[in-house]
Amino acid sequence: MLFLADFNVLKPEPGLLVWTLIIFGIFWFLMSRFAFKPIGAALKQRETDIQNALDEAKKAREEMANLQAENEKLLQQAREERTQMLKEAKEAAEEYRTEKKAQADQEYRRKVESALMDIENQKQAAIVALQNQAGQLAVEIAEKVLRKELADKAAQEAYAKNLAETIKLN
Amino acid sequence: MAAIRRFWIALTFSGLSVFAFAQDGHEHHEHPHAGQHPPTTAHPADHGGPCGHSINAPKTFNAGDNAVHHISDANVINIIGELYFHLPVILKDERGWTLTTSAAFHPHHHGNGENSHNGYALVHGSVMRLKNERFAEGQHKIDDYTHEEIAGEDGKKKTRYNAVIGGQCVPLEAKTTYDGGILGGGVTSFMDFSITRNVFTMLLTALILFLIFRAVAQAAAKRRGQAPKGLQNFIEPFYTFIRDEVAKPSIGPKYEKYMPYLMSAFFFILGLNLIGQLPIFPGSANVTGNISVTIVLAIITFLISTFSANKHFWEHTLWMPGVPAPLKILILTPIEILGLFLKPFTLLLRLFANITAGHIVILSFVSLIFILGKSGESTGGAAAGIAASIPLTLFMMALELLVAFLQAFIFTMLSATYIGTAIEEPHHDHH
């Protein structure tokens with residue numbers, strides 16, 4: 001019976017309209033200024049911070065990986081260098097040894113040659129000396145023989161004659 | 001300014017001395033009781049006399065009346081029994097402003113005042129005006145309130161309240177409402193700008209929410225660069241939810257500008273929905289279930305979306321490209337313009353209807369106790385009513401908790417959608 005007439009919630013009233021407008025208006029202003037803007041800013045800041053931290057961690061991880069790769073590379077390089085150096089050293093040693101050996105051989109050969117030459121010279125000298133001595137001895141012997149043979153006149157003439165004949169044949 | 005200050009002092013005073021006032025009202029009620037009661041019961045009004053039926057007359061319990069009474073706004077908060085929390089009363093009529101508190105009317109049973117004040121009376125917790133010059137000033141003792149059916153000026157039947165003062169029938173006039181007489185209201189000789197139960201609840205809710213959010217904002221500022229803690233963890237997900245699930249998808253890249261409004265609307269509605277569930281204080285005020293409140297909120301959404309609207313939106317609303325001109329003039333444009341106003345209308349109606357319906361259903365379930373108990377005559381019936389009512393009410397309250405969140409979310413979501421539609425940039429995807 002009283003239902004619709006008393007159904008006040010469906011009747012717009014000036015008092016409640018005005019108060020709602022005022023209260024919600026103030027609420028809206030104060031909340032946006034003192035609550036939602038700072039909260040929104042803080043949330044945004046935190047989100048950016050978290051994102052940055054994640055990005056940085058990722059970057060650090062990547063850098064670490066890079067560093068490790070670089071270390072590996074350096075190590076590899078060092079290893080290679082060492083191998084190279086060893087090889088070079090070995091080669092140098094080999095070369096040195098070969099050279100020394102060649103030198104020694106040469107020296108030896110030279111010495112042998114020089115000795116051989118000396119021997120040859122000595123031999124030549126000995127031969128010359130022997131020839132000289134043998135010639136002298138032959139001359140002395142021939143002198144002595146001649147002196148004895150040509151002691152008489154006939155023998156001298158026979159010999160001279162013999163010599164003359166030999167010359168004629170030549 | 002001085003009047004306002006006096007008023008707030010009055011509010012504080014009435015709030016602090018609520019028990020004193022209640023005690024005062026009780027005494028007023030007790031003393032004249034012996035002398036008043038017999039004439040009231042023997043009053044001709046009870047039998048439909050010249051003043052109509054007494055509103056205090058014993059009658060069968062009417063669950064509908066009870067529910068309507070409880071979901072309505074009131075000028076006083078009834079805590080329990082005859083214990084009242086008094087509120088400021090601000091009235092405007094042709095004489096000027098009347099500033100007082102509801103304590104001036106000495107409300108007793110059901111929020112009916114024991115006396116008039118400055119030509120006004122308190123009936124069912126609402127201020128009404130006495131339409132008789134004799135009682136326009138000072139305080140007059142009111143013996144009873146009656147209601148009667150009268151024929152209105154337009155021939156339709158209307159219900160009129162009367163105050164019985166010294167055996168005389170004084171008609172009462174309700175406050176101004178803007179329903180155009182459709183619902184029995186209309187523009188009358190006075191307006192009620194009081195801090196009513198709804199206004200008080202709004203102030204209280206706004207204050208509580210502001211304090212909570214201020215604390216969270218300060219914590220957020222103080223703990224910058226640190227993990228959130230305590231209340232922050234509770235409130236911040238709401239913010240991110242509204243931002244990521246409502247504002248960003250509905251509005252698009254310009255969402256940030258509208259975040260404060262969406263958040264304010266969401267929490268204002270949610271806070272009022274939730275505080276309306278409290279039965280004791282502030283008296284389960286049905287704020288978001290009052291059309292005046294939802295009208296204001298819907299109008300704000302309407303204004304924001306309309307004033308943010310870009311050329312693209314107006315073009316598509318008023319002169320849809322690619323449609324023949326006669327079709328546009330006859331059908332499309334009128335429908336689009338109608339839709340412009342229908343959108344906020346559905347927005348305000350949806351929130352209002354959902355919350356009011358929830359309150360009515362809960363009150364109806366509680367009323368089961370009185371219906372089955374035959375208003376106190378049958379104890380067994382009341383016991384059966386309690387047994388049926390408690391689980392039903394409990395279920396309904398749980399459902400209302402869900403509705404409180406859901407309706408706040410839907411209002412915010414739809415507001416965001418309307419704003420998003422208005423500021424949407426044209427798509428350049430010509431196939």
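**View 1. B:Pro391 is exposed, with 10 other C-beta atoms within 10 Å.** Here, exposed means 12 or fewer such neighbours, buried means 20 or more, and partly exposed is in between, with C-beta atoms placed from the backbone. You'll find B:Pro391 in helix α11 (residues 379-423) of chain B; helices are DSSP runs of H or I with at least four residues, strands are E runs of at least two, and both are numbered from the N terminus. B:Phe365 sits 26 residues away in sequence, and the C-alpha to C-alpha distance is 9.4 Å. By the way, this is a predicted model: local features need pLDDT of at least 70, side-chain atom pairs count only at pLDDT 80 or more, and totals for chains, interfaces and linings use all residues. Residues are numbered from 1 along each chain as its sequence is written, while chains are lettered from A and ligands numbered from 1 in the order written.

**View 2. Helix α10 (residues 325-372) of chain B meets α11(B), their axes coming within 7 Å and crossing at roughly 170°.** So α10(B) is roughly antiparallel to α11(B) (an angle over 145 degrees). Their contact has 23 nonpolar, 7 polar and 3 charged residues. Nonpolar covers Ala, Val, Leu, Ile, Met, Phe, Trp, Tyr, Cys and Pro; charged covers Asp, Glu, Lys and Arg; the others, Gly among them, are polar.

**View 3. Chain A touches chain B through 38 residues of chain A and 53 residues of chain B.** Contact means C-beta atoms, placed from the backbone, within 7 Å. Chain A's side of this has 27 nonpolar, 6 polar and 5 charged residues.

Notes:
Contact = placed C-beta atoms within 7 Å. Axes fitted to C-alpha atoms, helices over the stretch in contact; angles between N-to-C directions. Parallel < 35°, antiparallel > 145°, perpendicular 65-115°, else oblique.
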